[in-house]
Every structure is written in C-alpha cells, then in structure tokens.
Amino acid sequence: MSKYTALCLSDPHPDHVNDGSSERTLSAARFAGRYRLVDFMLSNMVNSGITDIGIILNSHYQSLIAHIGMGKEWDLARKAGGITFFPPYMTDARDSEYSAIDGPLQRAARALRGTKSEYVILVNGSAVYNMDYRPAIEAHKENGADVTAVYAKKEVNKDAGEQTVVFDITEDNRVRSIKTASRLSGTANVSLGAYIMPKHIFLQLVTGVKYCGMLRFSCERLAPAVSRLKVMGYEFTGYSAQISSVETDFRHNMEMLDSEKRAALFDYEGRRIFTSRRDSLPAKYGKAARVENSLVADGCQIEGTVINSVICRNVRIGPGAVVENCVLKDSTVIQQNAKLDWMITDRGVIVSAGRNLIGAPTYPVFIESERII
C-alpha cells in the first residue's frame, strides 16, 4: 500500500503532563510488561499493509529511537519506505515554547509533498488498540469523505478532562462537532486519535501550524473545518485505551491482568503485536517466590511475593518483599522485606529494605525514575 503514508505523533500531548516521566517521549513508555506504546501503532500499520511510516518526535526521544532502531521487528528495515524519524532540531532560546515540535511537523509535511502517497493516516502514539485500517480506508473511499475519524464508544465521566476528544456523530455517521470530554458523563464517541485523509487535505490542515499535537490537531485544526469538510466517523469495537497520565497508565496496565481484555488486545482477530527483541534471560523465581495473577517480563528475579501486578523487564524483588496491585517499570529493585501496594514506579527505582509504601486504588503513587526510596 505504497500510496498510503502513516504519520505518528510520538508525544501527542507534549504541553501536558504525560506518564509522569520527563525523560522519555510518551510513546516509549512501557505497557503490559514487555511492550512499549509505539509498538501498537507500528504493528497496526504493518498488519494493515502500510510500510511507509514517519514518526514525528518531541523532546527526550532517545529511548524511542533505540527501541525502534531500523524497524526490523516490524519488517520495516527496507530500502523503499520503512521508518523515517523527524526529530526536533536545536532551537534558539528566544523561540516559542512550541518550537521543538514545529520543525518535525513541517519537515514531515515537506517530505510528504515529494512522495507518491495519496493518503495520510495520522495516528496517536499513545493509543493502545489492535486494528486493521484497511476496512476503515475502504469506508473512507465509499463515503467520499474528506476525513475519516476512528472512534470507540466508551463511558466517560466528569473527570475525563481536556485530553479526551469526543465526536458528535449524526445517524448517517457524519461528524457534526469535535470537542473535549470535560464535564461530560455517560457514553460518548471517544476519538482514538486516528484520522484518514487525502494528502492534500492533511497539508491544508497543517499549513502554517505553529504547533500540533493530536489534541490540538483535533480541536484546533479539524474541529473548525468540520463545517466545510466531510468528516465521517468509523467505529472501532475492539479493546482500546489511551495513555495520557499516571492514572491512565496505571489503570490500563492493570486491565491487562484480565485475560479477556488481554486477548482482545494481543490476539484480536488473529493479529499480532510486535516489539523489539532483547537478549534477556527468562524470569527467575526463588524457592520462596509466590506469584499470583501477575504479568512478569523476561530478565526479572523474583524472590518475594507478587500479587495482581505488572512487572516489566529486569525487575528484582528481594526475599520477603511483597508487591501487590503495582506496576513496576524496567530495572526497578525492591529490596528484602519491603512492602508496596497501589504503586507505579518508573525505570531504575530502588525501594530500600523494610520500606512500606501504600497508595490507593483511586490514587496510585508514582515514583520517578532513578529514585532511591
């Protein structure tokens, strides 16, 4: 499908708080133990036959580039097409606070002008779902749409916030308005941050844009154009999630402990999710280790108790330690006899022996990377 180009915004909300870490772009955050958020978008594209992919980078993108590399695991290491990164250049201190994203977006647009691609699929790098875009592309053509917006019907509440975009859709599936879910409650048509459009429409929408994350593209570029463009909705009915905060990171990681939701994501309609390989040893369990209803990635050493938790790569849990209802990111170390409940750690955290750290189901406590507690 060489006439299709996908553009992925690696950090769709760079002017908002992301997963709590300022040391990596949001799409590089871990999910379900061994995956990163960007894996889902790359896998969706490859599973849809789309192999020309541009990634628009924000700051702190080193770990994302190291993870993707040449794209071999997604069969994207190829002479024609494959992965193209659009990183920010160093900017003058007098430039605007959004200048870091200006360059990558406009360079991607200029590169797109010189290609034979007819359509652009703009996607959210922090969205989690398993989708074949080909039926949506066919629906886009059949409807004669200018833009097709992918959405899912979800329950929202008053705390959904300004980062959740919802569509008002007519009976014939036309998008009538686009707004945030703030102060809404009940079932809504929630955007999954995926838009299909002809190349010339995309270039019109981003021309002269000073800054563009997915939220701003939806609400500031596309929303005002709904009256003059034919914007159609396309409903996705599988599992989906969007990571935009510590709370959503924790909640959706914990949802992966549900075998039905896990299967709905990682084996939806037989499509696989790919990730980069690591030459890590299998997880090692001590004689006194106890693990219940948890996901444990490779490279871990478990000597204590793990219950209802997601444990990422190379985590060490010492003798007598108890980890319950937690999400522990890469290389976290829980020393002997420490106890954690309702916690989420970034990479490289060390919890000292005997510490007792407790959050709450509605307020998981986050520990920043490389901290010693």
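1. A friendly place to start is Arg176, which is exposed at a relative accessible area of 52% (exposed means over 50%, buried under 20%, partly exposed in between, with a 1.4 Å probe and protein chains only). The side chain of Arg176 meets that of Asp168 in a salt bridge, at 3.1 Å from N to O (a salt bridge is a side-chain nitrogen of Lys or Arg within 4 Å of a carboxyl oxygen of Asp or Glu). Asp168 counts as partly exposed, with 29% relative accessibility.

2. Before reading on, please note that this is a predicted model, in which local features need pLDDT of at least 70, side-chain atom pairs count only at pLDDT 80 or more, and totals for chains, interfaces and linings use all residues. Residues are numbered from 1 along each chain as its sequence is written, and side-chain values use heavy atoms, with hydrogens and water left out.

3. On confidence, the protein chain averages a pLDDT of 90, and 91% of the residues score at least 70 (pLDDT is the predictor's confidence in each residue, from 0 to 100). Residues 15-22 have pLDDT below 50, and beyond near neighbours in sequence this stretch has 26 contacts in the model (contact means heavy atoms within 4.5 Å). Where pLDDT is low, the predicted coordinates should not be read in detail.

4. Now to the sheet: five strands, in the order β16-β19-β22-β25-β28, form an open sheet with parallel pairing (strands pair if DSSP finds at least two bridges between them; helices, H or I of at least four residues, and strands, E of at least two, are DSSP runs numbered from the N terminus). At the edges are β16 (295-296) and β28 (365-367), each pairing on one side only. Helix α7 (residues 246-255) packs on the sheet and touches β19, β22, β25 (343-345) and β28; its direction makes about 105 degrees with that of β25 (axes are lines fitted to C-alpha atoms, for helices over the stretch in contact, and angles run from 0 to 180 degrees between N-to-C directions).

5. Helix α7 is largely enclosed by the rest of the structure, because eight of its 10 residues are buried. Among them are Phe250 and Met254. Asp249 also has a salt bridge to Lys329, with the closest N and O atoms 3.0 Å apart. Since Asp249 lies in α7 and Lys329 in the loop between β22 and β23 (333-334), the pair ties together parts that are 80 residues apart in sequence. Both Asp249 and Lys329 are buried.
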